[in-house]
Amino acid sequence: MSPELKLGLLIGLVALAAIVGVVWKLRTGTAKRVDDGEYVDLAEISAVKNGKPVNALSTKVTFLQFSTDFCTFCGPTAKMLEALERTDPSVTHLEVNVTDRLDLVKKYNILQTPTTLVLDQKGKIMSRIGGAPKAHTLITEIGNFDI
Amino acid sequence: MATQIDPRGPRFGATITNVLSAIIFYLALDKDTEATGAVLFGIAAVLFLIGTVFGTSKHPFGWLFRTFVKPRLSAPKELEDSRPPQFAQAVGLFVSVIGLVLFVSGVPYGLAFAAGALFIASALQAYIGFCLGCQMYLGLKRLGVFKG
């Protein structure tokens with residue numbers, strides 16, 4: 001192989017990495033609308049908050065965050081959603097660790113963590129957010145419930 | 001064991017891995033230099049094995065970071081869990097073993113392909129803090145690649 005071609009392939013590889021990075025940066029943390037009318041079963045996911053089982057959703061919007069032990073952005077995402085919950089009483093944040101819950105991973109089709117499901121007061125899935133949510137994504141999602 | 005580490009440590013290590021994988025990729029494109037690339041890839045695999053078993057803090061790049069880089073930086077704004085980068089080391093090990101197996105089996109450009117994959121993953125980790133290996137955890141688990 002000629003040095004020019006090898007160098008060309010190396011540059012191509014760098015370009016490919018850059019494209020993957022840019023696409024990921026743009027897409028991560030944005031919301032995707034869900035229309036299949038699926039509901040989340042609180043008992044099944046065994047959500048725990050402050051050491052107590054959760055059996056009620058927020059009266060407006062609940063952010064249900066799926067996390068694993070091997071997740072870089074799960075901690076920061078939880079912090080962000082908890083801060084939101086403190087400032088806005090209509091928001092509830094729930095976190096479920098699915099490291100050993102492959103049943104939930106399959107049921108809710110979770111391909112990456114964090115994945116955050118946006119739920120209405122009855123537990124209907126309105127949107128899903130893959131990756132660390134962007135601040136404006138959360139504001140838009142909460143705003144959707146005001147219309 | 002889960003401990004809290006400076007997230008810049010794994011990113012520093014990924015920068016070195018990134019440069020190393022670019023060199024291996026280049027060497028692997030030519031029959032004359034492919035074996036040299038395979039030796040470097042073998043070294044990378046051993047480094048990943050150390051990172052997988054002992055964690056990124058005990059990794060030689062982790063030591064370099066603590067000894068030469070960290071003293072020159074300000075205190076970290078936040079710490080991160082040590083388990084995701086350790087898991088990513090296992091994914092790196094997996095990719096390097098695949099590359100070496102392809103090389104030994106004589107698959108054309110197999111080594112270059114694996115080195116290219118490693119280059120992209122380490123670039124994302126090093127320059128934008130995106131841990132591809134961690135992201136793949138659930139996907140790999142769903143495919144039944146590993147249990148646990």
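A: A residue is called buried if 20 or more other C-beta atoms lie within 10 Å of its own, exposed if 12 or fewer do, and partly exposed in between, with the C-beta atoms placed from the backbone. By that rule, 28% of the 147 residues in chain A are buried, while for chain B the share is 43% of 148 residues. The model is a predicted one, in which local features need pLDDT of at least 70 and side-chain atom pairs count only at pLDDT 80 or more, whereas totals for chains, interfaces and linings use all residues. Residues are numbered from 1 along each chain as its sequence is written, and chains are lettered from A and ligands numbered from 1 in the order in which they are written.

A nonpolar core is a set of buried Ala, Val, Leu, Ile, Met, Phe, Trp, Tyr and Cys residues joined through C-beta atoms within 7 Å. The largest one here has 43 residues, and the members that touch the most others are B:Phe25, B:Ala28, B:Leu111, B:Ala115 and B:Phe119. Two or more residues come from each of α1 (3-27) of chain A and, in chain B, α1 (8-28), α2 (31-54), α4 (83-104), α5 (110-128) and α7 (137-142); here helices (H or I, at least four residues) and strands (E, at least two) are DSSP runs, numbered from the N terminus. The greatest contribution to this core is that of α5(B), with 11 residues.

A second, separate core has 15 residues, among them A:Ile45, A:Leu57, A:Leu81 and A:Ile129.

The contact between the chains involves 26 residues of chain B and 24 of chain A. On the side of chain B that touches chain A, α5(B) again gives the most, with seven residues. That side comprises 17 nonpolar, three polar and six charged residues, where Ala, Val, Leu, Ile, Met, Phe, Trp, Tyr, Cys and Pro count as nonpolar, Asp, Glu, Lys and Arg as charged, and the others, Gly among them, as polar.

As for the chains themselves, chain B has seven helices and two strands, and chain A has five helices and seven strands.

Technical notes
Two residues are in contact if their C-beta atoms, placed from the backbone, lie within 7 Å.
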